[in-house]
Protein chains: 2
Amino acid sequence: MSAEIISVGTELLLGDILNSNAQFLAQQFAELGIPHYFQTVVGDNPERLKSAIAVASNRADLLIFTGGLGPTSDDLTTETIADFFSTPLIEKPEIVEDIAQKFAQRGRQMTDNNRKQALLPEGAQILYNPVGSAPGMIWQPRPNLTILTFPGVPSEMKVMWQQIAVPYLKSQGWGQATIASRTLRFWGISESMLAEKVAMFFDLQNPTVAPYANLGEVKLRISARAASRNAASALIAPVEQELRQITGIDCYGADEDSLASVVGDLLTAAQSTLSIAESCTGGRLGQMITAISGSSTYFMGGIISYDNAVKAALLGVDSQALEQVGAVSAIVAEQMAAGVRARLNTTWGLSITGIAGPGGGTDTKPVGLVYIGLASPEDVTSFEFRFGGSCGVALGANRGRDWVQRVSACSALDQLRRRLLERGV
Amino acid sequence: MSAEIISVGTELLLGDILNSNAQFLAQQFAELGIPHYFQTVVGDNPERLKSAIAVASNRADLLIFTGGLGPTSDDLTTETIADFFSTPLIEKPEIVEDIAQKFAQRGRQMTDNNRKQALLPEGAQILYNPVGSAPGMIWQPRPNLTILTFPGVPSEMKVMWQQIAVPYLKSQGWGQATIASRTLRFWGISESMLAEKVAMFFDLQNPTVAPYANLGEVKLRISARAASRNAASALIAPVEQELRQITGIDCYGADEDSLASVVGDLLTAAQSTLSIAESCTGGRLGQMITAISGSSTYFMGGIISYDNAVKAALLGVDSQALEQVGAVSAIVAEQMAAGVRARLNTTWGLSITGIAGPGGGTDTKPVGLVYIGLASPEDVTSFEFRFGGSCGVALGANRGRDWVQRVSACSALDQLRRRLLERGV
């Protein structure tokens, strides 16, 4: 038993819209434990739509169509499905009445175009649309094949799915199981290194474990299938525990956690405060920290010392150091961190100085060279990173720069996180 | 001749991610005039992927695969395609070398897993990945069938598409017609108001004009179809000119322009400098300004005065004003702007103070109330905005906060832009 999505609409093939309906339905299938192996997108064209139906009806038992139910002449989904199964269309007086009533409520007149929306294949039930004019249908054109159609407008599709389709599918024996999942999040380890460490988990069948990587962050997704959400969670818990044990401090959180939210929780627990000094990230670190609601309890503020004069005047960075070793150096990072910590009177001071690119790099100080400074009540330390290389250059001006700024800010948060964890609360 | 997209990834079938790659490629096909009738999504499963290849290779001449090129054991796209066409895999020493070099640059060791990424079907060319470790391929497994593979990471896929795939496809006779388009960008006018002003353009056939709205910004997209890019641009130019004349200062730029890049150009032309003071945006304004490469010529830095003590100590904001009218007020915004301008010794000082939410709002000062201060060589002014209301609340906690922070920073840049334009260079 499996379900397939057929999204109908030339606007999808032109790239005018994102197929958010397919994502919503896919999430719903996962939640309901309905197996789901293929999705197809096809335009408003009867012959091509028929060929998609031929392929899909051959490999799935439940076909979900979205789009092409409107009143205009290029809305062809219902009549094409009926034609494929050689079934005549019949006018449903209930639909005519429903549409006429909805138009009357809005003070409008129903047009002849709308009458087309009242036609369903013989034997099909109406899938009522409580919000718009286009109804869908529920139809079994042959044994072991169920077809549900929905309009393409996401708000209408979702209401119809939740209010009518889900109860119907459950009554037919679909959606008895649940797939729950949990995503562990990592910073400071590459996807391939993490994959080697936890390779033995990738062969598990239930739950499954799979790695993902995105913008410098690596994730492990644990997914379990069971009769209920609780039972699925119970399958996930021991695997999560083992994975956390193996990966240790590289795992910074799960699901909705971010590096900034985790650091915020640690600072709150320790009743500590934080100030920051940013050069090459220009405000990105502060933006990440203050994206967290409630960050005002531990974040006091910071100084964006983009120009060297500001580093000297507002952070007390040694002018000699700026001249002799340059702004992108361990010593300047440390002076920035210590300077902002002293001036804003906080427990911690965190700083970033580096070369975001695309210009400004040299042989000894290439684009992507970044120093992170950390001033604590006990000491001041710094860390060197090289985020650039071929990467920063090849991505072109904006991409490379954005990448260096983003991973620099994340790495600064990660260094503070590691230090807070080592220190204990 | 037509192209098809096969998106490979269980994360798509689970609804974890939106298929933005398919939308990007669909837009590209439209731009290049390449016919495109079907898209398929399939999981990381060799048998199902083979069945998708069987269907697609039967109806299209160009197959574009995204996803499944990574180093882990569930990345199966390349080997499955080779297997489908009964072709052996061969290790490409150039890829091994390229990956080893990329790892060395980042100070990391290449793992055995990565070696798998060097295997391509016999006869396939390497589609180099300038940004990540996973290369793709260009392969003609049989006459009249071309296969291109890309990693699923959107940033990598897009660079490879634009730098390598598009020139290759054009050299092979694909993409001879062109749809060119130009997007005009607006700030400070609503979509419906703009649509009313330029309604008469929406009926044009070639070029077409269509409005879009996204995150507080409104855009007008002008698209023309012609035999060449130059011919399409010639159709667009007069329409753009008319639209700019009608919309005036509300149109801040086109295509890749951002408010920050436009402000940067104006500051550069005027040989002026800028400093900023941020409260509720916490670094977001600085991040937008320093996202622009070369911003160091006009942007000196700023102060993130998240806590009131920092506003007083580092910006010289009057403690009495903070107590009596509160930090979210016109007078504090003005003192912040004047304070940062004086301390960082710049031509302009720009400030933001407000309530980003979701907490902290009151009846008189609701979430979304924001003051922007602007200190010039001549005077200090401020502007009041209300970004919250039903919007901030309806969008839910996190959306609301992010939205208020984003539109606040954009509005600050827009106020400076308008002032710079009024003043002339």
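Student: Which exposed residues does the face of helix 5 of chain B turned away from its buried side carry?

Tutor: A residue is exposed if 12 or fewer other C-beta atoms, placed from the backbone, lie within 10 Å of its own, buried if there are 20 or more, and partly exposed in between. Helices are DSSP runs of H or I with at least four residues, strands runs of E with at least two, numbered from the N terminus. That face carries B:Pro93, B:Glu97, B:Gln101 and B:Ala104. This is a predicted model: local features need pLDDT of at least 70, side-chain atom pairs count only at pLDDT 80 or more, and totals for chains, interfaces and linings use all residues. Residues are numbered from 1 along each chain as its sequence is written, with chains lettered from A and ligands numbered from 1 in the order in which they are written.

Student: Which residues of helix 5 of chain B are buried?

Tutor: They are B:Ile95, B:Asp98, B:Ile99 and B:Lys102. After helix 5 of chain B comes B:Gly107, with a positive phi near 70°.

Student: How many bridges join strand 2 of chain A to strand 2 of chain B?

Tutor: Two strands pair if DSSP finds at least two bridges between them. Here 5 bridges join these antiparallel strands, each spanning residues 36–42. A:Val42 stands opposite B:Phe38.

Student: Which residue takes a positive phi in the hairpin of strands 10 and 11 of chain B?

Tutor: B:Leu215 does, near 50°, in a hairpin with 2 residues between the strands. B:Asn214 stands opposite B:Glu217 there.
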